[in-house]
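Let's walk through this two-chain model together, starting from a single residue and widening the view step by step. Here is what we will be looking at.

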Amino acid sequence: MSRYFTSRIIENIALNTDHNLLTLSLPEGVAEPLPGQFYMIGVNRGTDPLLKRAFSLFRRTSDGFQVMYRIKGRGTSLLREMGKEVTIEVLGPLGNYYPVPPEGQAPLVIAGGIGLASVFPFLHAYQGRAFVFYGARSCDEIFMLDELKGMGREVFISTVDGSLGTKGNIVDTLDKYLESNRSDISKYVLYACGPQAMLRAISEVSASKGITAYISLEEHMACGLGACLGCVVKTKTGYKRVCKEGPVFKSEEITW
Amino acid sequence: MNLEVCLGKLKLKNPVMTASGTFGYGEEYAEFVDINRLGAVVVKGLSLRPKEGNPTPRIVETPSGMLNSIGLQNVGIERFIKEKLPFLRRFNTSVIVNFFGDTREEYALAAEKLSSADGIHGLEMNISCPNKQAGWSIFGTDPKVTYDVVSAVRKKTNLTLIVKLSPNVTDIALMAKVAEDAGADAVSVINTLTGMAIDIQTRKPKLANVRGGLSGPAIRPIAVRMVYEVKQSVKIPIIGMGGIMNSDDAMEFIIAGAAAVAVGTANFVNPRATVEILDGIIEYMKIHGIEDIGSLTGTVNVT
């Protein structure tokens with residue numbers, strides 16, 4: 001099963017002014033991705049920028065896979081310019097994945113902004129009852145809402161500017177939900193991906209309420225294979241590699 | 001066609017090696033590369049005791065390169081021998097262990113311990129790290145300190161001893177000569193160049209440790225020049241490295257004076273870089289009718 005291959009761009013469409021959805025071909029014989037895993041994708045022609053960029057698996061399609069990305073720096077700006085049929089080098093799937101919750105436990109899935117990209121395939125794959133807490137700065141950064149509802153998920157939305165859902169922070173929405181469902185608290189497991197501040201807040205919720213939280217982390221990454229030791233995160237048992245031991249960690253492991 | 005290269009007593013089956021710190025302990029790349037095809041695997045730098053490494057961010061991308069400040073994180077010599085070396089022993093490829101210490105005595109002890117382990121074929125000394133006994137100045141930037149530490153290690157090992165030179169010096173040819181005089185069997189040219197990058201919005205350094213080592217194609221012309229200069233000053237073989245991305249780059253180093261080459265940052269970009277470079281070297285030799293790779297070393301025509 002090869003994890004290093006040349007992929008062809010099937011589609012690279014804009015979701016808004018600075019978010020895109022990229023569909024890449026998956027050649028035969030390459031490894032199947034699991035929810036929570038990521039790919040390193042070459043965005044260059046030549047040596048500048050030098051390194052591949054890490055993107056979460058967003059969705060496995062019939063003939064390939066998708067990644068959802070925010071255009072933030074040079075790499076993603078270059079990626080946005082790449083059109084159909086362009087070929088790019090891909091390494092992956094890499095890293096660990098979201099574990100399936102134990103029998104009788106319901107996942108509360110928290111997505112902050114582009115963090116949706118990482119938790120989406122988990123929601124797609126998980127058959128049981130699940131709740132989604134999805135926060136962004138504004139309504140134009142909330143994506144795939146119909147699809148989430150179509151999966152039969154109960155979706156709570158919050159935006160910082162109040163343009164959709166509750167005005168404010170998604171962790172507050174989560175906290176309120178947990179407060180009003182105190183008796184069920186032992187039945188929940190948290191799954192989260194989003195900005196560091198959000199993950200840290202989730203980690204506090206997890207600790208104070210005694211709920212297990214699986215969080216997907218992001219770090220500057222060079223190789224994606226565990227060799228460069230660039231993407232480490234400090235844990236209670238020393239530095240761990242986000243690309244290898246992660247990107248999904250139990251929040252209680254992390255030293256914030 | 002003869003691809004063999006000698007580094008002291010150690011004979012490599014071909015001139016393509018991995019650069020320390022860019023190939024883990026081999027396992028990380030075994031899925032992508034037939035380890036048996038490599039001339040040598042040079043593993044991530046080891047110290048007597050495990051080292052936790054620096055806080056993050058540890059890496060930042062720069063134009064055609066990257067800065068890293070990993071902080072020499074490693075599992076320590078004991079765990080390496082117990083947990084990592086057995087994997088490498090399975091291959092018919094030379095294993096070269098990169099190592100370092102805080103003091104001359106630590107270097108010597110590390111060399112002694114590594115030399116008694118089964119399955120290690122050569123040692124590479126990283127002398128671009130701070131010296132506890134000299135106010136944490138860099139070992140490899142002072143000729144006298146370099147001579148002392150290399151001699152101390154030489155006394156403790158019969159394995160091929162490679163000294164990895166720091167490019168952060170005025171005269172690298174002099175440092176190479178010092179290493180040769182102290183008993184080195186070969187020199188690695190070059191280690192990373194010290195660099196720095198700043199976030200202009202926050203005015204903070206982009207690396208937690210402020211400074212880092214620059215690698216990648218950005219440093220290649222400097223590295224080629226240094227190999228060329230070192231070739232004029234020493235008789236021992238040179239392992240050329242610094243931004244080698246493909247076989248053309250590797251050939252440039254060989255023609256400048258390198259007997260062997262090490263592939264570093266390229267492994268991060270393309271996990272198959274090492275074997276692709278080897279294939280490209282063989283192709284070059286076929287096209288140019290070269291029988292022995294050694295006959296190309298230092299053949300740059302400057303007249």
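A:Thr61 is found in the loop between β5 (59-60) and β6 (64-70) of chain A; helices (H or I, at least four residues) and strands (E, at least two) are DSSP runs, numbered from the N terminus. The model is predicted, so local features need pLDDT of at least 70 and side-chain atom pairs count only at pLDDT 80 or more, while totals for chains, interfaces and linings use all residues. Residues are numbered from 1 along each chain as its sequence is written, and chains are lettered from A and ligands numbered from 1 in the order in which they are written.

Is A:Thr61 buried, exposed or partly exposed? A:Thr61 counts as partly exposed because it has 14 C-beta neighbours inside 10 Å. The scale behind this calls a residue buried if 20 or more other C-beta atoms lie within 10 Å of its own, exposed if 12 or fewer, and partly exposed in between, with C-beta atoms placed from the backbone. Once neighbours within four places in sequence are left aside, A:Thr61 is in contact with A:Thr23 and A:Gln66; contact means that the C-beta atoms of two residues, placed from the backbone, lie within 7 Å. As for A:Pro33, 28 residues apart from A:Thr61 along the chain, the two C-alpha atoms are separated by 11 Å.

Seven strands of chain A form an open sheet in the order β4-β3-β7-β1-β2-β6-β5, with antiparallel pairing. Its edge strands are β4 (53-56) and β5 of chain A, each of which pairs on one side only. Two strands pair if DSSP finds at least two bridges between them. Inside this sheet, β3 (residues 38-41) and β7 (residues 87-94) of chain A are antiparallel partners over three bridges, and A:Ile41 stands opposite A:Val90 in β7(A). Elsewhere in chain A, β14 (residues 232-235) and β15 (residues 238-241) pair in the antiparallel sense over four bridges. These two strands form a hairpin with two residues between them, and A:Thr235 stands opposite A:Gly238 in β15(A).

Stepping back, chain A has five helices and 16 strands. Its C-alpha trace spans about 55 × 40 × 30 Å along the principal axes. A compact globule of 256 residues would have a radius of gyration near 18 Å, and chain A has 18 Å, which agrees; the radius is taken over C-alpha atoms, and the globule rule is 2.2 Å times the number of residues to the power 0.38. Buried residues make up 45% of chain A.

Now to the partner. Chain B has eight helices and 18 strands, and its buried residues make up 54% of the 303 residues. Where the chains meet, 22 residues of chain A are in contact with 30 residues of chain B.

Chain B has an open sheet of four strands, in the order β5-β6-β16-β13 with antiparallel pairing. Since β5 (59-62) and β13 (193-196) of chain B stand at the edges with a single partner strand each, one side of each is left without a neighbour in the sheet. In this sheet, three bridges join β6 (residues 65-68) to β16 (residues 211-215) of chain B, and B:Leu67 stands opposite B:Leu214 in β16(B).

What about a strand with parallel pairing? β7 (residues 94-99) of chain B pairs with β8(B) in the parallel sense over four bridges, with B:Asn98 opposite B:Glu124. Five of the five residues of β8 (residues 122-126) are buried, so the strand is largely enclosed by the rest of the structure. In a regular strand the side chains alternate between the two faces of the sheet. Here B:Gly122, B:Glu124 and B:Asn126 point one way, while B:Leu123 and B:Met125 point the other way.

Finally, look at helix α5 (residues 220-233) of chain B. Its buried residues include B:Ala223, B:Val227 and B:Lys231, and what covers the buried residues includes α4 (172-181) and α6 (247-256) of chain B.
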